[in-house]
Amino acid sequence: MAMIHLTQRVRVFDPVSSLSLVMLILLCWGLFLSCLTAGVKAAGEVGWSLPPKTTAVVTGGTKGIGKAVVEELAKKGCRVLTCSRNQEDLARVTHEWKEVLGFDVTGVCADVSTRDGLDSFFSEIENWLDHASDGDGASDDNNNDNRRRLDILVNNVGMNIRKPSVEYTKEDTETVWRTNYDSMFDLTMKCYPLLKRQNNNNPGASSSSSSSSVVNIGSVAGVTCMKSGTPYASTKAAMNQLTGNLACEWGLDGIRVNCVAPWYINTELAKQVLKDEAYLKSVVERTPMGRVGEPEEVSGLVAFLCLPVAQYITGQVISVDGGFTRNGYYDSFYR
């Protein structure tokens, strides 16, 4: 009887069946983990990519940092509208963007430092948004005009006149202020109804709904003191303050406002100054990373500030400067 009982127990605990059961459990667990990982990855990719049919306006987008910003946003699938005062430059780069790179970029010849030029460019923005939204249902939020939704505004236009402070004429200072500050301020005010997201007016509520993003291209000259020309530096400092004020005022409208402040970047404009080897040496010695920056290192931050993962970042002035503004007295003696 004991042997019969043992045989029955062996039959109940069949090792082959037990192994099959274990393998089935492991297979199910593996499938669960795969699905979970894929879901997390998909959620992460959504946060690190721009929504389809995102619209962006970038002023001064045919050269230097502005061009890099246009291309960075276009690579991420944005529909981009930009402007330039030079029709020849505009035609050349828009042909490259559309025909060679396949970007959805539209160029408009306009001088936003003038009242007529700014008004003309804003009319082009409205018309472009009308066509951008035709038949595609791009806007899901309730906006003042549901057909005209602007997701990103990058204020990049700027210029400088370098000379000792006592040598500036009234015309000099007005030109710098009109180009660097007034154009940025006036265009941003005009674009407010297009940027506003009305469904964000609920203080204290946690919301994953999209916000629009304004990014101002400033300068470290507005953060610290340097030989950049006092009118230029003052316009950039004013831009920093406006960035914070608008971020606080427009937060509940679903509009985020930030400022990116570059140091010397490897652009055509900067090269005119950095061609002086002694001055270049001085710049590099004061930069902890020991070099000037590249346009893509600025445009990358601009794009990040427009992504869904950056929706809680607003009112910030972020320097892209290789550590220049934090350098203090870390001169070459310490290297």
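In which sense do strand β5 and strand β6 pair, and over how many bridges? The model in view is a predicted one, and in it β5 (residues 212-217) and β6 (residues 255-262) pair in the parallel sense, over six bridges. One point of reference along this pair is Asn 216, which stands opposite Cys 259 in β6.

That pair belongs to an open sheet of seven strands, ordered β3-β2-β1-β4-β5-β6-β7, with parallel pairing. At the edges lie β3 (105-109) and β7 (317-320), each of which pairs on one side only. From one strand to the next the twist averages 20 degrees. Strands of a sheet pair through backbone hydrogen bonds, and the pairing may be parallel or antiparallel.

The protein has ten helices and seven strands. It has 335 residues, of which 41% count as buried. Among the contacts with a separation of 6 or more, 74% are between residues 24 or more positions apart.

β1 and β2 run parallel and are joined by four bridges, with Val 58 opposite Thr 82 in β2. β1 also pairs with β4, in the parallel sense and over three bridges; here Val 57 stands opposite Leu 153 in β4. Leu 153 in turn stands opposite Val 214 in β5, and β4 and β5, which run parallel, are joined by four bridges.

The side chains of β1 and β4 can be followed residue by residue. In β1, Thr 55 and Val 57 point one way, while Ala 56 and Val 58 point the other way, and all are buried. In β4, Ile 152 and Val 154 point one way and Leu 153 and Asn 155 the other, and again all are buried.

What is the phi of Lys 53? Its value is near 65 degrees, which is positive in a residue other than glycine. Most residues other than glycine have a negative phi. Lys 53 has 34% relative accessibility and therefore counts as partly exposed, since that class lies between the 20% limit for buried and the 50% limit for exposed.

α5 touches β1 (55-58), β2 (79-84) and β3, and its direction makes about 160 degrees with that of β2. Helix α10 (residues 295-306) also packs on the sheet, touching β4 (152-155), β5, β6 and β7. The direction of α10 makes about 165 degrees with that of β6.

Ala 303 is a residue of helix α10. Is Ala 303 buried or exposed? Its relative accessible area is 2%, so Ala 303 is buried. Leaving aside residues up to four places away in sequence, Ala 303 touches Glu 72, Leu 73 and Lys 76. Ala 303 and Val 154 are 149 residues apart in sequence, while their C-alpha atoms are 9.9 Å apart in space.

Helices also pack against one another. Helix α5 (residues 115-132) and helix α6 (residues 170-195) pack at an angle of about 30 degrees, with their axes 11 Å apart. Because of that angle, α5 is roughly parallel to α6, the limit for this term being under 35 degrees. The crossing of α5 and α6 is right-handed. From α5 the contact draws on Arg 115, Leu 118, Asp 119, Phe 121, Phe 122, Ile 125 and Leu 129, and from α6 on Ser 183, Asp 186, Leu 187, Lys 190, Cys 191 and Leu 194. Sorted by class, the contact has eight nonpolar, one polar and four charged residues.

A further helix pair is formed by α3 (residues 64-75) and α4 (residues 87-100), whose axes come within 12 Å and cross at roughly 20 degrees. α3 and α4 are therefore roughly parallel to each other, and their crossing is right-handed. In this contact Lys 67, Val 70 and Glu 71 of α3 meet Val 93, Glu 96 and Trp 97 of α4. These residues divide into three nonpolar, no polar and three charged.

Methods:
Residues numbered from 1 in each chain as written. Predicted model: local features only at pLDDT ≥ 70, side-chain atom pairs only at ≥ 80, totals over all residues. Heavy atoms only, no water. Axes fitted to C-alpha atoms, helices over the stretch in contact; angles between N-to-C directions. Helix = DSSP H or I, 4+ residues; strand = E, 2+ residues; numbered from the N terminus. Parallel < 35°, antiparallel > 145°, perpendicular 65-115°, else oblique. Left-handed = near helix turned anticlockwise from the far one by under 90°. Contact = heavy atoms within 4.5 Å. Nonpolar A, V, L, I, M, F, W, Y, C, P; charged D, E, K, R; others polar. Pairing = 2+ DSSP bridges. Buried < 20%, exposed > 50% of the residue type's maximum accessible area, 1.4 Å probe, protein only.
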